[in-house]
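Me: Please go through the structure shown below with me, in questions and answers.

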Protein chains: 2
Amino acid sequence: MSSTTPTIQLLLTGNEIMSGDTVDSNSAMIAQYLGEQGLGVTRKVTLGDDPAALRTELEQLARSSDVVIVNGGLGPTVDDLTAEILAAVAGVSLAEHAVARAHVESWCGRRGVVANAANLKQALLPAGCDIVPNPIGSAVGFQLTVQDCLVVCTPGVPGELRAMLPQVLANMERHIGSFTPGDVLRLQTFGLGESTAQQIIADAGLDWPPEVELGFRAGAPQMEIKLTVRDRVHVDAQRQCRDALQSLFGDHIIGEGGTTLAQRVLTLLAEQGATLSTAESCTGGLIASMLTQVPGSSAGFHAGFVTYSNAIKSSVLGVSENSLSTHGAVSEPVVVEMVEGALAKSGSDYAIAVSGIAGPDGGSADKPVGTVWLAWGNAQQVHTRGLCWPVERTLFQTMIAAAGLDMVRRMLLGLDTEPRYFKQRSQKSAP
Amino acid sequence: MSSTTPTIQLLLTGNEIMSGDTVDSNSAMIAQYLGEQGLGVTRKVTLGDDPAALRTELEQLARSSDVVIVNGGLGPTVDDLTAEILAAVAGVSLAEHAVARAHVESWCGRRGVVANAANLKQALLPAGCDIVPNPIGSAVGFQLTVQDCLVVCTPGVPGELRAMLPQVLANMERHIGSFTPGDVLRLQTFGLGESTAQQIIADAGLDWPPEVELGFRAGAPQMEIKLTVRDRVHVDAQRQCRDALQSLFGDHIIGEGGTTLAQRVLTLLAEQGATLSTAESCTGGLIASMLTQVPGSSAGFHAGFVTYSNAIKSSVLGVSENSLSTHGAVSEPVVVEMVEGALAKSGSDYAIAVSGIAGPDGGSADKPVGTVWLAWGNAQQVHTRGLCWPVERTLFQTMIAAAGLDMVRRMLLGLDTEPRYFKQRSQKSAP
């Protein structure tokens, strides 16, 4: 039972995840959480709400694991079978658990309702089980040891599961004995692909310590680089690897942890006591939305203009009819005038403007779908760049919005190096 | 082998989905696709890139299934083990497949590169296997029958998998014999929770035909209602259930299929040849972004204003200093003036304005976090409503942006009934 690498398996239940109507993100949450503590999940099994199949599966899992985490099936309806299945596998009966009943009644009471039969079903648990408190929802978690395997049953509601994980981990640690806690360090990057990043690392010929695992999670718009050590005695090596990557990737690294481009830009603005405004055409408000998703963004962001038509570019931002007719809406002169208009109309210190062809329609031989001009700057200087980034519409909007924020980040940091993605995708300069 | 309800199991491979660094959405895609054809997935197993564990698992799955779909592990690196594992389980050797090699070489050729050893590894497949063409990526899919079980190996890149599914289905049909094709009808709703919807259906005492399965997928901001028949002879019953739900939920139904609120609003605007502008405070550009994610949105949407500060509300939209100081930015008079300003500045036919407290900070006893005022209308009439919707910041922004679009939808449809979510969350009218 006590071992340095315990066998941990997950049993994920529910017709909605079997049918694909719901994408299971809970198992990823559990695996990430345990992984950051140095515990790996060995195997995951997913089943619908079929009592016979669930029982057979749980029996097999309990026989072959140190810990089984069951997720889902704790709710009040007849489809919620987990307590019944665990009781059957453990050979015990279902019994009302006093702590669980008190929890359900208190939960209902806070909502001004009396617990009904469906609510109280959630207090009917395998006899002799221990409770895992649920600080959010009405269904408590519970656990039982079956043939030396700890079976922990957790709720399918993601927020409730998340709130319960520290207690689940503590209970697992008690069961499997002490394990070696690891550590994960995440670097957020923008403008690097996974294969490019791997190639750069390989070409650098780093003397990489074997105890630091290198991982990549390519997302849109950011890519995460993950440095995992299975034992915290190796955190110095981990930090040295972080420093080595920072030398290699430098200004492509946005920050550590879960830092987003918008967060970083707002932090840099706050450090300067400065504000930013946006003037968006093809990204259609997405840059403003990314900024305002950040709590407290009102300190650095006061105004955004979504100028989707030529007429609005002129009437709201003062873009000249001449620039629009001579160069077109997707052009260097127009984005420069959009920045100037945004600075003037908002009184902000910095502004960013984008105008491009998101597709699928609207492209031409001269300006194909994916063509975009960006401008960013302040009253002293405005920078521009044209790119061609021909990907699906919403991905285009996401990447271009992020590229715009990245330009502002670079300007605020005083970085004058040209990012890699610009070199690969540059447009010829405007006529 | 040939049976009306074949046993279909999925084997999902990859360290990145085991660790939770990537959320597995591929298995949901496969299950949804097969489900719409009337084929249910029985069980899913997920494993990391461990050859011994994968081999044992695939052997067990092949013994207990009519079809196993393996996803992942087709790439060029040493971690991509699927061909090797299937060959071992089938007791055959790996051999270069001429069709696969030609595909890899042509794929590389189109990119102006010569296929290297890593690329060509993708043509080393279990001897005697059949190819499942990959119209997008370099790695073909492949399949082999092992002990009467069809094992189909598919790529982990979602776009490549999606492109391959019709052929996978055709191959499955050839293997398991004809099955009864089903049908799925989806209704998109806004403003209904799953439990409320179920209660309304139960209270209506409908004579629900047993052959029509009713399912719900609660998302943010929309909830999908799904009507599944396992045999297309029941589509009339399915259509009758759709009509019954339409009578029950009426104007909460946005549309069929995957219709979004933004799509519906843009379609209704196009039918009237009308345009909409947005004036956003707490949603920070999200309404504009939702609209502009829709291809062709430039026909109905020309201008959006993100007026995050009081000063910008005044300078850009002409909101009076008096209204701001007397009633505060989150008030009925201010959102009315925002709508009037947006109409005037943009020349649009309709406008929507929102101002609220998204949190986590900024609330007061009088106006707690979650307080929000909406206004929408045209030159003839402006409607308003105050709500309190105290949820996490980004969920608040999502739900309020959707509620704003829903108000416009209702106005464009001439619906004057009050939506259910307004009744539950209404504010007292402004002073």
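Me: How many bridges join strand β2 (residues 43-47) of chain A to β2(B)?

Reply: This is a predicted model, in which local features need pLDDT of at least 70 and side-chain atom pairs count only at pLDDT 80 or more, whereas totals for chains, interfaces and linings use all residues. Residues are numbered from 1 along each chain as its sequence is written, with chains lettered from A and ligands numbered from 1 in the order in which they are written. Strands (E, at least two residues) and helices (H or I, at least four residues) are DSSP runs numbered from the N terminus, and two strands pair if DSSP finds at least two bridges between them. The two β2 strands run antiparallel, and the number of bridges joining them is 5.

Me: Which residue of β2(B) is the bridge partner of R43(A)?

Reply: β2 of chain A and β2(B) run antiparallel. Within this pairing, the bridge partner of R43(A) is L47(B).

Me: Which element gives the most to the side of chain B that touches chain A?

Reply: Counting residues as in contact if their C-beta atoms, placed from the backbone, lie within 7 Å, 53 residues of chain B are in contact with 53 residues of chain A. Elements of chain B that each supply at least two residues to this side include β2 (43-47), α12 (310-317) and β14 (301-307). With 7 residues, the element that gives the most is β14(B).

Me: What relates the two copies, and through which surface do they meet?

Reply: Superposed by least squares on the C-alpha atoms of residues with pLDDT of at least 70 in both copies, chain B is brought onto chain A by a rotation of 180° with 0.2 Å of shift along its axis (RMSD 0.2 Å). The copies are thus related as by a two-fold rotation axis. Because 98% of the interface residues of chain B are also interface residues in chain A, they meet through the same surface.

Me: Which strands stand at the edges of the open sheet of 4 strands in chain B?

Reply: The sheet has the order β10-β11-β9-β12, with antiparallel pairing. Two of its strands each have a single partner strand, so one side of each is left without a neighbour in the sheet; these are β10 (212-218) and β12 (253-256).
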